[in-house]
Amino acid sequence: MLIHAHPDDETLWTGVAAAHLLERGDEVHVLTMTLGEEGEVIPADLRHLELPAGQPRAADAPDPLADVRRGELDGAMRALGVTSWAVLGDEPGEPRVRDSGMVGTPSAEHPRAFVGAPPEQVAPAVAERVRRLAPDAVLTYDRTGGYGHPDHVRTHEVTLAALRLLDDPPALYARVTPESWWQQDLARVGDLLTPERRDAWRVGAPADDHTARLSVVPDEQVTHVVADAAAVPRQVAALTQHRTQVRLLGSRRRRTR
């Protein structure tokens, strides 16, 4: 069972692992905590779905991006081939929490912002879903949320709280990056990003203090590794469904781990 904060996190963070498990015949279930209402929109023809930077959305205002991202999640999960997927709040009695946005943004003050929901208020609903599905293992973010996103951190906290409510909890795993992989990826990005591509793609290599380093750990701390190039086509097929959030820059950017 994969527990993530927003649509597309499941594919970006754990897509290869999910595809690998599915290819070997395992069941994979996905629970998404929010609809990603505050996600940035990449395609120009969909920019009308997001608010201007710094402008808060009224508590009773509609969230058109939520509907689009829910559709993208549905398409991605069909492409990945997971056994089941759901968004917290789909069932009666479950809390419907909202994407909090990044640290310090007005969206974090929204009355339904996930970051404002104490873990003990959300955990029982998550625990019930885990109890019902009875997975052998749960996979989510580490305590840093991968790169410090408040919703990722809160997802980690809620998942821990939920499993503590169970008499016989499944194994819990956190997705991290081994230091050696981080260094390999930096080298690959350096090779890929010629000056022309930096300008055209408007991307660059992460600095030494980039928040993505928060989930980088010494190799010896890693207990399980998934490295499966054959699983990548499933991940890429799912990524293409998250049109508002993901720009594929070519096959050399596709992760195989």
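Q: At what angle do helix α3 and helix α4 pack?
A: In this predicted model, local features need pLDDT of at least 70, side-chain atom pairs count only at pLDDT 80 or more, and totals for chains, interfaces and linings use all residues. Residues are numbered from 1 along each chain as its sequence is written, and side-chain values use heavy atoms, with hydrogens and water left out. Helix α3 covers residues 119–133 and helix α4 residues 150–164; helices (H or I, at least four residues) and strands (E, at least two) are DSSP runs numbered from the N terminus. Their axes, lines fitted to C-alpha atoms over the stretch in contact, are 7 Å apart, and the packing angle, on a scale from 0 to 180 degrees between N-to-C directions, is about 65 degrees.

Q: Which residue class supplies ten residues to the contact of α3 with α4?
A: Contact means heavy atoms within 4.5 Å. On the α3 side it involves P119, V122, A123, V126, A127 and V130, and on the α4 side R154, E157, V158, A161, A162 and L163. Ala, Val, Leu, Ile, Met, Phe, Trp, Tyr, Cys and Pro count as nonpolar, Asp, Glu, Lys and Arg as charged, and the others, Gly among them, as polar. Two residues of this contact are charged and none is polar, while the class with ten is nonpolar.

Q: How many helices and strands are there in the chain?
A: Along the sequence, the elements follow the pattern β-α-β-α-β-α-β-α-β-β-α-α-β-α. The count is seven helices and seven strands.

Q: What is the radius of gyration of the chain?
A: The radius is taken over C-alpha atoms, and the globule rule is 2.2 Å times the number of residues to the power 0.38. For 257 residues the rule gives 18 Å, and the chain is close to this, so it is as compact as a globular protein of that length. The radius of gyration of the chain is 18 Å.

Q: Is R78 buried or exposed?
A: R78 lies in helix α2, residues 64–80. Buried means under 20% relative accessible area, exposed over 50%, and partly exposed in between (1.4 Å probe, protein chains only). Because its relative accessibility is 59%, R78 counts as exposed.

Q: Is H242 buried or exposed?
A: H242 is found in the segment after α7 (232–239). Leaving aside neighbours within four places in sequence, H242 is in contact with P7, D8, E10, T11, E72, L73 and A76. With a relative accessibility of 0%, H242 counts as buried.
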